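Please consult the sequence and the structure displayed below. The briefing is intended to be read beside them.

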Amino acid sequence: MDTQHLTHMANQIGSFFEAMPDRQEALAGITLHIKRFWEPRMRRALQQILQQDAANLSPIVREALQADDSWQPAAQ
Amino acid sequence: MNTQIHDTDFGTPARVSERMVTLEIDGQQVTVPEGTSLMRAAAEAGSMVPKLCATDSLEPFGSCRLCLVEIDGRRGFPASCTTPAEAGMVVRTQSDKLQSLRKGVMELYISDHPLDCLTCAANGDCELQDMAGVTGLREVRYGLAGANHLDSQKDESNPYFSYDPAKCIVCNRCVRACEETQGTFALTISGRGFESRVSPGQDQPFMESECVSCGACVDACPTATLQEKSVIQFGQPEHSKITTCAYCGVGCGFKAEMKGNQVVRMTPWKDGKANEGHACVKGRFAWGYATHPERITKPMIRSKITDPWREVSWEEAIAYAASEFKRLQAKYGKDSIGGITSSRCTNEETYLVQKLIRAGFGNNNVDTCARVCHSPTGYGLGQTLGTSAGTQTFKSVEHSDVILVIGANPTDAHPVFGSRMKKRLREGAKLIVIDPRKIDLVGSPHIKADYHLALKPGTNVAMITALAHVIVTEGLLANDYIAERCEEKSFHDWRDFVAKPENSPEATAAITGVPAELVRGAARLYATGGNAAIYYGLGVTEHSQGSTMVIGIANLAMATGNVGREGVGVNPLRGQNNVQGSCDMGSFPHELPGYRHISDTTTRQLFEQAWGVTLDPEPGLRIPNMFDAALSGSFMGLYCEGEDIVQSDPNTQHVTAALSAMECIVVQDIFLNETAKYAHVFLPGASFLEKDGTFTNAERRISRVRQVMKPLAKYADWEVTQLLANALGLKMDYSHPSQIMDEIARLTPSFAGVSYQKIDKLGSVQWPCNDAAPDGTPTMHIDGFVRGKGKFFVTQYVATDEKITRRFPLILTTGRILSQYNVGAQTRRTDNVAWHAEDVLEIHPHDAEERGIKDGDWVGVQSRAGETVLHAKVSERMQPGVVYTTFHFPESGANVITTDNSDWATNCPEYKVTAVQVLPVTQPSEWQQDYQRFNETQLELLEQAASNEGKA
């Protein structure tokens with residue numbers, strides 16, 4: 001998968017939830033959205049991005065993905 | 001459902017009143033609602049009063065003098081069409097005197113009418129002929145030597161109907177239909193006295209006038225003056241069936257009038273609740289594509305897209321497709337294939353495709369064209385209100401006091417609903433339009449928007465938040481409604497957010513380009529003007545913040561208490577005829593039918609038990625994700641039913657690169673569309689005239705599609721999917737689509753009460769339809785929201801990445817026009833090309849002049865994604881800095897220019913905002929030249945198909 005595109009998509013999601021005044025709700029919203037709408041290979045690619053290229057993820061997305069691993073797909 | 005060809009015409013419209021009046025007509029007691037005409041009351045009592053200028057789709061006019069009656073205690077002979085029934089009246093519709101008067105009137109009519117009844121196209125369907133018979137006219141004493149109109153020239157300019165002034169009786173029905181039903185005011189009566197004749201525009205031919213060819217005038221005409229050319233060609237139909245239009249999301253009911261298997265004409269169904277007897281140029285006339293010579297009726301296969309097609313048997317084609325899908329899954333894994341359901345196919349067909357993918361392919365890689373249009377509606381309304389659908393019936397607009405149209409152009413894209421909306425606006429409802437373009441609704445005959453907020457493309461969210469700011473800060477909230485029906489915390493968060501100074505109209509004017517006082521005025525009107533209804537289209541959804549904007553719309557409606565009763569609501573105007581249905585049927589990769597998430601164990605188990613398989617609990621790939629996965633080598637096969645993703649999806653070169661990377665593409669369609677040119681298997685589809693099923697329109701109305709002719713290629717689409725499923729080892733043995741609907745009803749709570757029997761009985765039914773609402777649900781969220789408490793969300797404006805720069809200084813926005821539909825596969829193969837034969841680029845005079853562009857010049861349109869060349873149309877409908885085009889013709893390459901940018905929540909493409917440069921050019925773009933070569937090659941490979949039949 002195109003990691004640049006996935007990073008952009010994740011950051012877009014982050015921009016929506018970041019406006020929420022309740023930070024915990026925003027963080028949970030990001031991971032839940034990715035879990036519910038991203039196909040596992042996209043989430044696997046996101047795992048790699050988080051591990052290898054996290055600097056391009058926005059801080060709130062990084063924080064959300066690191067705080068809660070429920071979005072991660074089952075191991076293949 | 002077979003129906004009679006000629007409906008009963010009650011002469012004047014039905015009235016609605018709580019007060020009833022009882023009177024006597026021809027000795028019969030009859031009780032009717034107050035306001036009913038004597039003519040209609042008589043018809044209901046069984047006495048059909050002779051008439052010519054009256055018809056029950058139009059308000060009475062009282063000009064023909066045939067419908068005279070006698071009323072005890074009243075002098076003279078009142079016209080029954082314009083005389084309201086009153087309690088205690090004693091009325092006679094027939095007497096010697098009345099007969100004598102009517103015969104005299106008829107004699108005058110016939111004295112100036114060609115007596116060619118035997119060879120007239122309306123023979124058998126002519127009210128003048130009928131009235132001559134009813135009134136007992138036996139001779140015309142005036143002869144034909146006097147002044148007459150018999151030598152008047154016909155106007156044959158319209159491709160679908162002719163106008164013969166010689167046969168006109170000046171009853172005004174066509175003029176009134178154009179005004180009352182369609183709302184275009186294209187027709188008038190030109191001249192006075194004897195010179196009076198129907199005139200399009202200023203004595204112009206129809207095609208040069210403002211006529212939109214909706215056919216309302218033709219329906220209304222009592223003679224052969226305005227006559228369908230198909231009736232002139234084929235003669236009068238002899239039987240008919242009620243079915244549903246296959247074009248836009250209005251979902252008009254039509255009567256297919258037939259001779260054997262030959263469609264003679266399609267006429268709007270009077271009892272169709274979506275359209276109430278009206279139609280547009282597409283549904284009414286543009287059905288000839290169904291038997292177009294370019295229909296492909298034999299299955300074809302090929303190994304590579306550079307190979308010629310080879311016509312094969314259905315068995316071979318299905319076996320080949322199945323073996324390829326199995327091969328790909330064995331080689332690349334279970335998740336390496338997927339499919340796309342069609343919004344142009346029926347609910348039953350869509351349901352079967354997603355079933356095939358989930359249960360047969362074993363994954364959830366299923367998506368639909370709603371991905372590229374209304375997927376943000378699904379997300380936004382689902383999050384806020386709890387369900388992914390419009391809240392109202394179309395009829396609800398009759399109760400609206402304020403109509404807010406956002407990013408929609410109903411008179412072009414949803415024309416029959418546009419006419420209903422215009423009728424309400426002429427009655428005095430207020431209108432707010434939020435759109436970058438000056439669409440027709442902003443200013444057309446007898447319609448003028450109270451506010452046109454001509455915002456810059458891509459700034460919707462800043463606008464909706466500014467409107468909310470005014471409502472919150474000026475104390476216009478519906479506090480009781482909010483307290484009772486909405487989540488308190490989410491409301492407080494939203495209220496505090498929108499109230500911030502940076503969200504005020506004054507602060508956001510720099511973003512939207514709309515003066516603050518206009519925004520304030522529009523917000524006040526929406527919040528305080530009475531019943532306020534929002535109608536929106538793809539100008540809302542097809543943005544990087546499409547879902548945020550849908551949420552913002554729902555926020556606004558909840559904050560003002562405008563959800564849950566007639567006349568209000570949040571109403572997405574769906575694009576294709578069955579977009580609503582395809583979404584309902586589980587076409588999205590994360591949802592099973594009825595919008596239930598695939599991860600929900602209880603729901604999944606329900607389907608697993610019914611289908612006898614284990615389902616994958618993870619969401620599948622969306623269409624853009626499929627393309628990305630194809631390019632990275634993990635998605636290699638696609639079953640695409642009735643969609644043309646190459647032409648309709650953004651960034652064409654990205655799409656074609658992805659398709660080229662796949663090893664097996666199976667296209668099921670009625671024509672060799674652009675996607676099929678990249679396919680390895682072609683399975684011939686069936687048009688809506690060739691199959692049974694149901695469509696669900698934008699108001700959640702499920703209507704029957706009825707087969708009026710056998711499938712040209714032997715199978716309806718649901719049968720083809722069933723063949724493929726069985727070849728893949730997923731047993732399907734449906735013998736009729738009604739059985740598929742029964743399965744849907746068993747598995748989907750909101751469809752639990754739906755059956756063909758019920759639809760036949762009620763005419764149509766709106767979901768939810770179940771034990772709680774056995775006859776369906778016209779208005780949603782009446783006592784509370786589907787999700788429980790309505791939920792507000794903060795809607796922070798985030799500027800699109802498509803920024804204008806010195807290199808790309810203009811914003812391109814795309815859309816559609818009245819005469820063409822979507823990728824044009826259907827309408828381009830009809831005479832609708834007479835109105836729109838190519839896509840053009842609309843550009844403001846200032847931008848054109850700055851670039852030395854004149855009307856009609858070739859212009860290159862270049863974006864970061866690609867370049868194409870179109871003819872320029874210099875138009876003041878555009879605002880400076882914004883250009884516009886349509887995507888109805890493949891060679892136009894509108895989507896060569898659009899980019900991969902998409903909605904944050906759903907990946908719905910940002911069609912509405914592309915930064916471009918426009919400059920004069922002298923030749924087609926490089927892409928267009930490549931396309932021309934590719935297209936010619938593919939058409940040659942198709943031509944070789946028949947000659948390759950049976951070859952190994």
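The points below treat the overall fold, the nonpolar cores, selected elements and individual residues.

This is a predicted model, in which local features need pLDDT of at least 70 and side-chain atom pairs count only at pLDDT 80 or more, while totals for chains, interfaces and linings use all residues. Residues are numbered from 1 along each chain as its sequence is written, chains are lettered from A and ligands numbered from 1 in the order in which they are written, and side-chain values use heavy atoms, with hydrogens and water left out.

**Overall fold of chain B**

- Chain B contains 30 helices and 37 strands; these are DSSP runs numbered from the N terminus, with helices being H or I of at least four residues and strands being E of at least two.
- The radius of gyration of chain B is 29 Å, close to the 30 Å that the globule rule gives for 952 residues, so chain B is as compact as a globular protein of that length. The radius is taken over C-alpha atoms, and the rule is 2.2 Å times the number of residues to the power 0.38.
- Taken along the principal axes, the C-alpha atoms of chain B fill a box of roughly 90 × 75 × 65 Å.
- Of the 952 residues of chain B, 65% count as buried; buried means under 20% relative accessible area, exposed over 50%, and partly exposed in between, with a 1.4 Å probe and protein chains only.
- Among contacts (heavy atoms within 4.5 Å) in chain B between residues at least 6 apart in sequence, 73% join residues at least 24 apart.

**Nonpolar cores**

- A nonpolar core is a set of buried Ala, Val, Leu, Ile, Met, Phe, Trp, Tyr and Cys residues joined through side-chain atoms within 4.5 Å.
- The largest core has 67 residues, of which Phe161(B), Leu226(B), Ile403(B) and Leu431(B) touch the most other members. Helix H12 (residues 415–426) of chain B contributes the largest share of this core, four residues.
- A second, separate core of 62 residues includes Phe325(B), Ile337(B), Leu747(B) and Cys769(B).
- Beyond its neighbours within four places in sequence, Leu431(B) has contacts that include Ile403(B), Val405(B), Leu425(B) and Tyr451(B).
- Ile434(B) lies in strand S18 (residues 430–434) of chain B and is buried, with a relative accessible area of 2%.
- Leaving aside neighbours within four places in sequence, the contacts of Ile434(B) include Leu404(B), Val405(B), Leu453(B) and Met463(B).
- Ile434(B) and Ala408(B) are 26 residues apart along the chain, and their C-alpha atoms are separated by 8.6 Å.

**Helix H2 of chain B**

- The 16 residues of helix H2 (residues 96–111) of chain B should span 22 Å at 1.5 Å a residue, and the end C-alpha atoms are 22 Å apart, which agrees. The expected span is 1.5 Å times one less than the number of residues.
- Buried residues of H2(B) include Leu98(B), Arg102(B), Glu107(B) and Tyr109(B). Their cover includes strand S4 (70–71), strand S5 (90–92) and helix H3 (127–134) of chain B.

**Cysteines**

- The count of disulfides over all chains is zero, a disulfide being a pair of cysteine sulfur atoms within 2.5 Å.
- The sulfur of Cys174(B) is 6.2 Å from the closest cysteine sulfur, in Cys168(B), too far for a bond; Cys174(B) is buried at 6% relative accessible area.
- Cys345(B) is in no disulfide, and the nearest cysteine sulfur, that of Cys640(B), is 10.0 Å away. Cys345(B) is buried, with a relative accessible area of 5%.

**Backbone features and loops**

- Most residues other than glycine have a negative phi, and most peptide bonds are trans.
- The peptide bond from Trp767(B) to Pro768(B) is cis, with omega near 0°, and Pro768(B) lies in the loop between strand S31 (765–766) and strand S32 (810–815) of chain B.
- His446(B) has a positive phi near 65° and is exposed, with a relative accessible area of 60%.
- Asn651(B) has a positive phi near 55° but counts as buried, at 12% relative accessibility.
- Pro617(B), in the loop between helix H21 (601–611) and helix H22 (623–631) of chain B, is partly exposed, with a relative accessible area of 37%.
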